[in-house]
Amino acid sequence: MTGPAGSSRRVDLCAADDVPPGTMKLCEVEDETVLVVNLDGIFHATQGICSHEYFELDRGVLTGDSILCTLHLSRFSLLDGEVIDPPAELPLAVYPVAIEGERLLIEIPAGPLEVNR
Ligand code: FES
């Protein structure tokens, strides 16, 4: 299942044009979802479901470089996934974003997508 130690893979998310600056999009990745956010032209990607309970984060609100989960008002940094405001305790998993042509991808270790829940 997992590749050699240190190996990574790239997984396609969506077209870069699908995520204009100041917006976000939830993308299906294998059996999970990934939230991709465009902050002033820089793309960030986190797990798509809140680490607190089941809530799709594209239904949250972008607040600068953080996202507010509107179910229980936890706030997370989009830069490193850390919890800024409770009740969530676990950070969001974050994934490095790569751009290939018109497409956005995440670069992740071999094996299942890491998600905190
Ligand atoms: S589900 Fe996000 S804060 Fe509770």
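## Basis of the model

Residues are numbered from 1 along each chain as its sequence is written. Because the model is predicted, local features need pLDDT of at least 70 and side-chain atom pairs count only at pLDDT 80 or more, while totals for chains, interfaces and linings use all residues.

## Overall fold

The protein contains zero helices and eleven strands, where helices (H or I, at least four residues) and strands (E, at least two) are DSSP runs numbered from the N terminus. Along the sequence this gives the pattern β-β-β-β-β-β-β-β-β-β-β. The radius of gyration, taken over C-alpha atoms, is 14 Å, close to the 13 Å that the globule rule gives for 117 residues, so the protein is as compact as a globular protein of that length. The globule rule is 2.2 Å times the number of residues to the power 0.38.

Taken along the principal axes, the C-alpha atoms fill a box of roughly 40 × 30 × 20 Å. Of the 117 residues, 26% count as buried; a residue is buried if 20 or more other C-beta atoms, placed from the backbone, lie within 10 Å of its own, exposed if 12 or fewer do, and partly exposed in between. Among contacts with a separation of 6 or more, 41% are between residues 24 or more positions apart, and two residues are in contact if their C-beta atoms, placed from the backbone, lie within 7 Å.

## The nonpolar core

A nonpolar core is a set of buried Ala, Val, Leu, Ile, Met, Phe, Trp, Tyr and Cys residues joined through C-beta atoms within 7 Å. The largest such core has 21 residues, of which Leu13, Val34, Leu35, Val36, Ala45 and Leu57 touch the most other members. Strands β2, β3 (32–39), β9 (94–95) and β11 (103–109) each supply at least two residues of this core, and the largest share, four residues, comes from β3. Alanine 45, leaving aside residues up to four places away in sequence, touches Val34, Leu35, Val36, Val94, Tyr95, Val97 and Ile106.

## Methionine 24

Methionine 24 lies in strand β2 (residues 24–29), and it is buried, because 22 other C-beta atoms lie within 10 Å. Not counting residues up to four places away in sequence, methionine 24 touches Val19, Leu35, Val36, Val37, Asp58 and Leu62.

## A three-stranded sheet

Strands of a sheet pair through backbone hydrogen bonds, either parallel or antiparallel. Here an open sheet of three strands has the order β1-β11-β10, with antiparallel pairing; two strands pair if DSSP finds at least two bridges between them. The edge strands, each pairing on one side only, are β1 (8–15) and β10 (97–100).

Seven bridges join β1 to β11, and the bridge partner of alanine 15 is arginine 103 in β11. Strands β10 and β11 pair over four bridges, with valine 97 standing opposite isoleucine 106 in β11. These two strands, β10 and β11, form a hairpin with two residues between them, and glycine 101 in the turn has a positive phi of about 60°.
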